[in-house]
Structure formats: C-alpha cells, structure tokens
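Reader: I would like to learn how to read the features of a protein model. Please take them one at a time.

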Amino acid sequence: MSVKVPASELQARISRFRERMDRRDPGWEMAAITGKINQYYFSGTMQDGMLFIPRDGDPVYWVRRSYERARSESTFPDIRPMRSYRDAAEGMGSFPSTCHIETEIVVVALLDRFGKYFPVQQFLSLDRVIAAVRAEKSPYEIDLMRRAGAIHARVLEDRVPEILRAGMSEAALGCELHTILIEEGHQGIVRFGMFETEIVLGQIAFGTHSIAPSYFNGPGSSVGLSPAVPLLGSRDRLLEKGDLVFLDVGCGYEGYHTDKTVVYQFGAPLPDEAIRSHHFCRSLEMEMASLLSPGAIPSAIYRHIIDSIPPEYAGNFMGYGTRRAPFLGHGVGLQVDEYPVIAEGFDEPLTSGMAIAIEPKIGVTGVGMVGTENTYLVRPGGGESITGSSDGLIEVGF
C-alpha cells in the first residue's frame, strides 16, 4: 500500500480552506464535498461518500462504500459509515439552510437526493475556493510532483526516441508509451477536471493529425481511434520518414500530475518554417518561465506575451486556424487542468509553490503542431522546471 497522506497535511488543507471561505463569505456555515478528487484532497482517500466541513466544529467524512478501505487508507480523524444520506442526516443533527457545494460537478439528481434528507434551501458554489486552495502546493505535494516530473522527463526525452520506428501506428506508440510510463512509476491514469473530458495519456499524433479539429480545449490535437473514441491515436496513421511526432501527455505519481510536450523529427529534418516556429515557442517558454514569480499576475503575463507575437506567427499561435486556445499555461496538480490559468481574467497574484504548465505552440500548415510544454514551480526569481530541460525537436533515426 502507498504511504498515507499525513494527518498534519490534511489538517492544514482544511484550515486553509476555512480561511479562504471566511474571506470570501464570512457568514458561511457548511460545505458538502462529493467529488472524488476533492474528497481525496481533504481526506486522503476517495470513496462513495460525502465530506462535511462546517465553519465551526469538526469535519466528518460519511462513507457508503468502502468504509473499511477509507479507514485503512486515511489518517482523517472522523470517518463514519452510512447506508444512505438518511444515516448522514441523522448523524449530523441540526443542519443549516444554506450549504456550499461543488456546483461544477454536482448533478441535479444528487441535489434531489440530498434535499430529501437535509433541510437545505439554498446551494452556493465553493469551486473557486477549493481551486485556489489546491493551487498552493505544500512541500509534501511538491515532492510528489517532482517525482512525476522526473518520470516524465526520462520517458519523453530518453526512452521515446528508442521506440519510434517506421511503420508503427499512433495507437501502437500510445500503447508502448503507456507501458513504459508505468514501468517508470506512472500511476496509469491522467485526470482532468473539465466536465466530461476523457483522456488516456494525452495527445499522440503524427504530422497533421496534431492540428486536426478536436473538442479538447488546447492548442494541439489528435484524431484518435474513432469518432466514438477520439483518444490515444489512430490505428491507420503509420509513422513515415520526415514525419513530425507530437506527444502532449500527462504523467502522475501518487495522484499528482505534471504536463509535458515534446516534438520529434523522425528520419529527416522538418521544413525550415516548422523549425523556426518551434524555436520561437521555446524562446517564449523561457520568457514566460522567467515571469513565474510570487506576486506576478497571470493575466498580465498573458497580455505581455500575446502583444509580443510577430505577425508571421500570430495566425496559428496556440492552435491552428480558428481553433486556438485562449491561454498560454495552466495550473497542474491532482488534475492536469487546475487553477491558475495564464489567461485573461485571472488576476489573483501567483504565490510561491504554485505549479504551472507553460505551453506555447504553433500550428504549421502541412506539417503539424510544434512548440513546447513543461511544468514549472513558481519561485522567487522565476519558474523552476520539474519536467526536464530539452528544447524539443528531438532528432530520431537520422
């Protein structure tokens, strides 16, 4: 079994959550947390249950299944079994008429069941508060992310060049990459918070498949297995000499992720336009990294970079054609898409220990998506990469 999240870590997270709730809504009374990732963040286990954090008094974690596993995995002090919400409602006793919940993920059916047993008349959102709390990584969390980043760098920079071969399909590369990542310590799954976003590893594409249309909110793309499963990679697209290979994938260790993109040149150099565009993106990554210091404003970083893009790169910057992502980077942690985002509207200052993936990219007609991505820790004096230092455009089979 893995090491349990320390009780002191869980206590600190709940304390910071309460402090932020007090600042945002001084009259708040109760928070009910049902999402699995947030349950894990505050309790150290994820079960079929509900965590109640009152403004005053001790939090309680009610678990339907599996109570035994929750007790064995977690250092949380008050875990109680329940058969239904009725047990939790009776055990909680008096309950306020207003309750804060995760409005981004709670479905109407759950609210109906909740309202059957708890006398709540008004539900309010706590999503931004939890996002802000989770954005500030503790030394415990940073250690896990460093381990994920080390796996990420080793696999994408050193091991992938060893397995690329002419005639392999995108899907075959995805399967081999998944196996290697797990061998190196990857947790086997990549988690996103975006509603109904499914993913295996990330985007795995050869050539122009990396600029294909996609519902995924990011600059790159992939075609996937089929319209029903636009994930992993195509069985039909085979690797050829002169191809660009685009890998934008996540890696996780004990729940915590890093995000990284590497572009490879297979068998022959890419066209000069693609190479110039890639090196321009790498220079932007370095510039943005230098700005990731405590007190910096994400929206200001975004505007500074966007305003500096020369016309020759602006048309397909952060995407291709009209399909462009409205951000330059994003927070990373228990999920790949966390707070803060390097984009308009994110005006709260960065703090030391935040983890942010920077990903400047450019789509090149007839070639594919070039650019870079690494995960950085916000530090005085600028960001610290925890996913390696490769410039990308790794040459394979020349």
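Reader: Is Phe-17 buried or exposed?

Author: Phe-17 counts as buried, because its relative accessibility is 0%. Buried means under 20% relative accessible area, exposed means over 50%, and partly exposed is in between (1.4 Å probe, protein chains only). The model is a predicted one: local features need pLDDT of at least 70, side-chain atom pairs count only at pLDDT 80 or more, and totals for chains, interfaces and linings use all residues. Residues are numbered from 1 along each chain as its sequence is written, and side-chain values use heavy atoms, with hydrogens and water left out.

Reader: How many aromatic pairs are there?

Author: In general, two numbers describe such a pair: the distance of the centres and the angle of the planes. Rings of Phe, Tyr and Trp (its six-membered ring) pair if their centres lie within 6.5 Å; planes under 30 degrees apart count as stacked, over 60 as edge-to-face and the rest as tilted. The count here is 15 aromatic pairs. One of them is Phe-17 with Phe-42, an edge-to-face pair with 5.5 Å from centre to centre and 65° between the planes. This pair links distant parts of the chain, 25 residues apart: Phe-17 is in helix α1 (residues 7-24) and Phe-42 in helix α2 (residues 36-43). Helices (H or I, at least four residues) and strands (E, at least two) are DSSP runs, numbered from the N terminus. Phe-42 is also buried, at a relative accessible area of 0%.

Reader: What kind of pair do Phe-95 and Phe-114 form?

Author: Phe-95 and Phe-114 are edge-to-face, with centres 6.1 Å apart and 65° between the planes. Phe-95 sits in the loop between α4 (85-92) and β5 (98-101), while Phe-114 belongs to helix α5 (residues 108-117), so read this as a link between distant parts of the chain, 19 residues apart. Phe-95 has a relative accessible area of 11% and is therefore buried; Phe-114, at 2%, is buried as well. Ring pairs also join Phe-52, Tyr-85, Phe-95, Phe-114, Phe-118 and Phe-123 into a cluster.

Reader: Which residue lies over the face of Tyr-41?

Author: A charge sits over a ring if NZ of Lys or CZ of Arg is within 6 Å of the ring centre and within 35 degrees of the ring normal. Arg-13 is placed in this way over Tyr-41, at 4.5 Å from the ring centre.

Reader: What is the order of the strands in the open sheet of four?

Author: Two strands pair if DSSP finds at least two bridges between them. The order is β7-β8-β9-β19, and the pairing is mixed. The edges are β7 (202-206) and β19 (394-396), each of which pairs on one side only. From one strand to the next the twist averages 30°. Strand β9 (residues 256-266) runs parallel to β19, and three bridges join them. Tyr-264 has Ile-394 in β19 as its bridge partner.

Reader: Which strands does helix α7 lie across?

Author: Helix α7 (residues 139-163) lies across β8 (244-253), β9 and β19, and runs at about 15° to β9. Axes are lines fitted to C-alpha atoms, for helices over the stretch in contact, and angles run from 0 to 180 degrees between N-to-C directions. Contact means heavy atoms within 4.5 Å.

Reader: What is the pairing in the open sheet of five strands?

Author: The pairing is antiparallel, in the order β13-β12-β14-β17-β18. β13 (338-342) and β18 (384-385) are the edges; each has a single partner strand, so one side of each lacks a neighbour in the sheet. Four bridges join β14 (residues 355-358) to β17 (residues 374-377). Ile-358 has Asn-374 as its bridge partner in β17. Helix α6 (residues 127-135) packs on this sheet, where it touches β13 and β14, and its direction makes about 85° with that of β13.

Reader: How should I read phi and omega?

Author: Most residues other than glycine have a negative phi, and most peptide bonds are trans. The peptide bond from Tyr-339 to Pro-340 is cis, with omega near 0°, and Pro-340 is in strand β13. Another cis bond runs from Arg-65 to Ser-66, with omega near 5°. Leu-232 is not a glycine, yet its phi is positive, about 70°. Leu-232 is in the loop between β7 and β8.
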